[in-house]
Amino acid sequence: MGFLQFSLLLFTVALLTSTALSDLILSKVDRRIDLTSQIVRITSTLKVENPDSNPVSEVLVAFPERQAKNLAYLTATLHGGKGKAKTSAATLPVEVANPEGKPQGLNFYSVSLQKELVKGDSLTLDVLAVFSQALQPFPEKITQAEVQLGLFQESAHYLSPYVVKVVLPEGSRDIAVSSPFPVKQSEEVQAAVQQVDSIIYRCLTLHEKLESSLRNLSRTGDVQACKAARKTADASLKELSKELKPLMAFLQSSPAASQLLPKVEELVAKERELQERLMTKHSAVVDGYEKKSGGRDIENRVAAQQQKIAALRQELEDILEFIDEI
């Protein structure tokens, strides 16, 4: 197993020197890197403050292009607290962004806030980024008797278009690092499980595109564009389903996968149920627009579906985290 935790930031990187996007400040940054599987999960907890008089409706996050090309899934939630004070986290829309003055070699994503962040207010975001093919075998070739290790390369710099103000407590540890993890399962089973994980993350990305098409529909009223987005997502999801079949057949036939198999099967089943409910919701919303129904009426029609979708999405993320920790 391996975890890297950048609990206190030592460096600030100025990205957009020509044009300031806003006067937001990151007053706290906590970055946790999960290397317990070949799929790398980076969770960044960001405390965002607005000292400016102008309200802000989005927060930008950035990744180097070399990382972004392996980005399989990206989600942002409002931090729900800890212990007894913990509340259910609200998932926020995330979309690709192209801010003015964006430097080459960087990819930006916009997190849309539920309500504007006004002067003097702050919020805390949990940003989860999942990367495939980011962990390299180390060394590349080993004998059958040797333990395979994984090599992951990351910088202590945190990329952000905002000012970062962090006070380092005296005697604090800046970076805590443990050794790369040994591979416990057989190489074939682990590879198959990670491929299933990767496919599920790609499905989740398509789910988000479906949701994004509905947000665009509410802004533009373009029903045909929304239908086209659903058709494209449906075709892509069917292709991913085909990719899953041989992987699941292998895991079901492998004795070495017996402990993981029930959870993997549950993961696949939950994704299919979520996919079906998203399609049903999508069709209902589009149908409402075609019939010129009011916004409140459409919301009422899909309210029950939306509650189940939120619950299924959380269950999926919990199962993915459980599998990654085994």
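1. Basis. The model is predicted: local features need pLDDT of at least 70, side-chain atom pairs count only at pLDDT 80 or more, and totals for chains, interfaces and linings use all residues. Residues are numbered from 1 along each chain as its sequence is written, and side-chain values use heavy atoms, with hydrogens and water left out.

2. Overall make-up. The chain holds five helices and 15 strands. These are DSSP runs numbered from the N terminus, helices being H or I of at least four residues and strands E of at least two. Of the 326 residues, 43% are buried (under 20% relative accessible area, 1.4 Å probe, protein chains only). Take the contacts (heavy atoms within 4.5 Å) between residues at least 6 apart in sequence: 78% join residues at least 24 apart.

3. Helix 3. Residues 223-253 form this helix of 31 residues. Its first and last C-alpha atoms are 45 Å apart, close to the expected 45 Å (1.5 Å times one less than the number of residues). At its start, a side-chain oxygen of Asp222 comes to within 3.3 Å of the backbone nitrogen of Gln224.

4. Which residues of helix 3 are buried? They are Val223, Cys226, Arg230, Ala233, Leu237, Leu240, Leu244, Leu247, Met248 and Leu251. An α-helix has 3.6 residues a turn, so residues three or four places apart point the same way. The buried residues of helix 3 pack against helix 2 (187-220) and helix 4 (261-290).

5. Gln194. This residue sits in helix 2. Gln194 counts as buried because its relative accessibility is 9%. Neighbours within four places in sequence aside, Gln194 contacts Ser37, Gln38, Ile39 and Asp324.

6. An unreviewed UniProt entry lists residues 295-322 as "coiled-coil region". In the model, that stretch is 100% helix and 0% strand, with its end C-alpha atoms 38 Å apart.

7. Cavities. The whole structure has two cavities of 30 Å³ or more. A cavity here is a set of points on a 1 Å grid over the protein atoms alone, where a 1.4 Å probe fits but cannot get out; lining residues have an atom within 4 Å of a point. The largest cavity contains about 100 Å³ of space. Its lining includes Tyr73, Thr91, Leu204, His207, Glu208 and Arg313. Strand 6 (71-78), strand 7 (91-92) and helix 2 each give at least two residues to that lining.

Definitions and conventions. Buried < 20%, exposed > 50% of the residue type's maximum accessible area, 1.4 Å probe, protein only. Polar contact = N/O pair within 3.5 Å; in protein donor to acceptor, adjacent residues only side chain to side chain. UniProt positions renumbered as here; feature names shortened; annotations may be inferred. 1 Å grid on protein atoms, 1.4 Å probe; cavity = no way out; pocket = protein on both sides within 12 Å on 5 of 7 lines; lining within 4 Å. Points joined across faces, edges and corners; volume = space filled by probe spheres on them.
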